[in-house]
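Open the model in your viewer and keep the selection panel at hand.

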Amino acid sequence: MKRVLTIQDISCVGKCSLGVALPIISAAGAEAAVLPTAVLSAHTAFAHVYKRDLSADMDKILAAWQAEGITFNCIYTGYLASREQIGTVSGFLDRLPGGDRLVFVDPVMGDFGRLYAGFPNTFPEQMAQLCARSDVIVPNLTEACALLDEPYREDYTQERLVELLRRLCSAGAKCAVLTGVSPADGTDKLGILKYDSRDDSVFTYFGEHIHTDQPLHGTGDIFASACVGALAAGIPLDDALALSVEFTARSAACWAAAADRRWYGVDFETALPYYIGQIRAYTDKI
Ligand code: PXL
């Protein structure tokens, strides 16, 4: 069984970060180890948030793992609580044994052209350094523009988007996947655009676009966790991305159909049986 280490916060309420990564990676049949970066009473879209930064504990946890000789097949980072913490996590990549380990970075920083509450404008340049050390990064458009210090705009052509991804890969990431992308022909769908620097290839996959009367929270974390889980199950990257797009769309659709939906996070729980079924159908074949 593959062991995945996921490094992100625990938002006690909010259906995001470790709250979705743990169940989804476990559902994929991988062991989910966690290194919490911070404890928040709820994610930062809530009005009242208590937050404790766990940077000082992270180092001690890692030292204990090193004493135990614990290794990981995949390191997946998400929401990091401060600029300094990004440096700490980069240092961990040096200290944890490498080998054929996959480094998957979701550069969680913002959405709709704005950084999340609490992140300084200097945060993206530090995150760019972590992205440069990764095999796969999964920014949304806000995060891709911030990483490249480009103004945010929503009217990029697909050629320009591929150019952004190429630049992210020139900085060091092997493969850059833009999330929240619509097809170039204007079809009303939502999915991903991938550029892989290893073979200079582009891949797209689009699923149903679930229209809602409010922005959805946590869908990026659900997508990234599903992709990491699928990769840990041995599914090739393009298929893992396609499955994760479908699972995220279904999570949003389940939320939209629920009478008791919460404003702060979508119903990935209802879509989990679909995800497990798809993983199993794939792994039965390989
Ligand atoms: O879903 C991304 C995320 C993760 N963790 C925290 C957040 C957010 C987005 O707002 O606030 C604490």
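How far does a polar side-chain atom of Thr44 lie from an oxygen atom of the ligand, and what is the distance in Å? The distance is 2.6 Å, a polar contact, meaning a pair of N or O atoms within 3.5 Å. This is a predicted model, in which local features need pLDDT of at least 70 and side-chain atom pairs pLDDT 80 or more, while totals for chains, interfaces and linings use all residues. Residues are numbered from 1 along each chain as its sequence is written, and side-chain values use heavy atoms, without hydrogens or water.

Next select Asp221, where a polar side-chain atom lies 2.8 Å from a ligand oxygen. Taken alone, the ligand exposes 320 Å², and the protein buries 94% of that (Shrake-Rupley areas with a 1.4 Å probe).

Now show the residues around the ligand, those with a heavy atom within 4 Å of it; among them are Cys16, Leu40, His43, Tyr79 and Tyr116. The shell has 5 nonpolar, 4 polar and 2 charged residues, with Tyr and Cys counted as nonpolar and Gly as polar.

Move to the sheet. It is open and mixed, with 9 strands in the order β3-β2-β1-β4-β5-β8-β9-β10-β11; strands are DSSP E runs of at least two residues, helices H or I runs of at least four, and two strands pair if DSSP finds at least two bridges between them.

Finally, select 102-105 and 136-137: β5 and β8 run parallel, joined by 2 bridges. Val105 stands opposite Ile137 in β8.

Definitions and conventions. A polar contact is a pair of N or O atoms within 3.5 Å; within protein, one must be able to donate a hydrogen and the other to accept it, and residues adjacent in sequence count only if both atoms are side-chain atoms.
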